[in-house]
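Please read the points below with the structure open beside you.

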Amino acid sequence: MRPFTYARPESAAAAVRAFMAAGAGAHYIAGGTSLYDLMKLDIEKPQHLIDVTTIRGLDAIETNGERLRFEALAPMSAVATDKVVLRDYPILAEALWKAASQQLRNMATVGGNLLQRTRCLYFRNGAGGTSVGNTYPCNKREPGSGCAAIGGLDRGQAVLGQSSSCTAVSPGDWPVALVALDAYVEVLGAGGSRAIPIAELYRLPGSTPNLEFTLQPGEMITAIVVPKTKAGRHSTYHKIRDRESYAFALASAAVALDMDGDTVTRARIGLGGVATKPWRATAAEALLAGKPLTPATALAAGHAAFADAKAGQHNGFKIELGARTVADALTIAAARNRS
Ligand code: SF4
């Protein structure tokens, strides 16, 4: 175990001050369900841990106004079981239910979950000192070292948004549902507070896959805001994985529909398990606008979502699987629309 300092600030502002005072090597920690794993693997090496779980009043769930607002420290389990979320936004509840086990949902926070790091095998198993013992090149873990996944075991890798430096899939379920609903995060940093659309919180890997988020040093997520929409009531998060529970997505689709009878007036579609960041399937959304939702149009939309996909050696199956996942999700959401 590497030594680190540990602070327990009592307010978000104090947490930011502690982070900025600590300088390089500072890291916020909330539920710790991901960070501790990465510390044990010697991938994350924080020198200063700033535990934000001691901040009071940063876990509220607000659903009565014109928007949903989830403060960052709200446990995933609390949001997943909120009555308004369950009734009016199944897309959100299902994304949280399918993201983790109950124990993890109780510990993990809705803010921290947005900053989960990739499950790329080479990123996680390549660090020196692990049980694997080998050190695979990984540009995300060690910039400039190369990418073992390209030309390697790439069954789980991305088919959208990848670069010649990194093909790692963004692992989250929750952010995929949020990106479909045009949610944004409120963040607090040394320069004050600002809002960042969820879609802009994540970077494409490009030539710098080590830079995953657009947060500035010291900025912490304080809340997630979801604009209210009637489409939320006619929505779903559909996740396909190797086993039915406690596994990351091979492909997932977050869908919310506005419909007039059988006709889609507006579709919102997010993709998970297939892209390097939570992905908005805008071409599929455009294809569906003004059309009746039939098995044929649903599958056409699924194929439109993957029109720009590029497969590696072993992950080509994700393109058809992803298209059919979108089609199934559209069918589920449309059926809810009629109920
Ligand atoms: Fe590392 Fe990305 Fe390559 Fe995986 S895909 S080994 S995370 S650079």
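1. Thr-63, leaving aside its neighbours within four places in sequence, is in contact with Leu-68, Asp-82, Val-84 and Lys-228, where contact means heavy atoms within 4.5 Å. Thr-63 sits in the loop that runs between strand 4 (61-62) and strand 5 (67-71); helices (H or I, at least four residues) and strands (E, at least two) are DSSP runs, numbered from the N terminus. Val-84 is 21 residues from Thr-63 in sequence, and their C-alpha atoms are 6.8 Å apart in space.

2. A word on the basis of these values: this is a predicted model, in which local features need pLDDT of at least 70 and side-chain atom pairs count only at pLDDT 80 or more, while totals for chains, interfaces and linings use all residues. Residues are numbered from 1 along each chain as its sequence is written, and side-chain values use heavy atoms, with hydrogens and water left out.

3. Is Thr-63 buried or exposed? With a relative accessible area of 10%, Thr-63 is buried, a word that here means under 20% relative accessible area, whereas exposed means over 50% and partly exposed lies in between (1.4 Å probe, protein chains only).

4. Strand 4 pairs with strand 5 in the antiparallel sense over two bridges, and two strands are said to pair if DSSP finds at least two bridges between them. Glu-62 has Arg-69, in strand 5, as its bridge partner.

5. Gln-157 is found in another loop, the one between helix 7 (121-125) and helix 8 (174-180), and is buried at a relative accessible area of 6%. Not counting residues up to four places away in sequence, Gln-157 touches Cys-120, Ala-149, Thr-167, Ala-168, Val-169, Asn-315 and Lys-318. Cys-120, one of these, is itself buried, with a relative accessible area of 10%.

6. Cys-166 is buried too, at 7% relative accessible area. How many disulfides does the model contain? If a disulfide is taken as a pair of cysteine sulfur atoms within 2.5 Å, the count comes to zero.

7. Glu-285, which lies in helix 10 (residues 282-288), counts as buried at 13% relative accessibility. Beyond the residues up to four places away in sequence, Glu-285 touches Ala-267, Arg-268, Ile-269 and Arg-280.

8. Turning to the whole, the protein chain has twelve helices and twelve strands. Its radius of gyration is 20 Å, close to the 20 Å that the globule rule gives for 339 residues, so the protein chain is as compact as a globular protein of that length; the radius is taken over C-alpha atoms, and the rule is 2.2 Å times the number of residues to the power 0.38. Of the 339 residues, 53% count as buried. Among contacts between residues at least 6 apart in sequence, 64% join residues at least 24 apart.

9. Finally, the protein chain is divided into domain 1 (5-54) and domain 2 (234-338), with bounds that come from an automatic or database domain assignment. The centres of domain 1 and domain 2, taken over C-alpha atoms, are separated by 36 Å.
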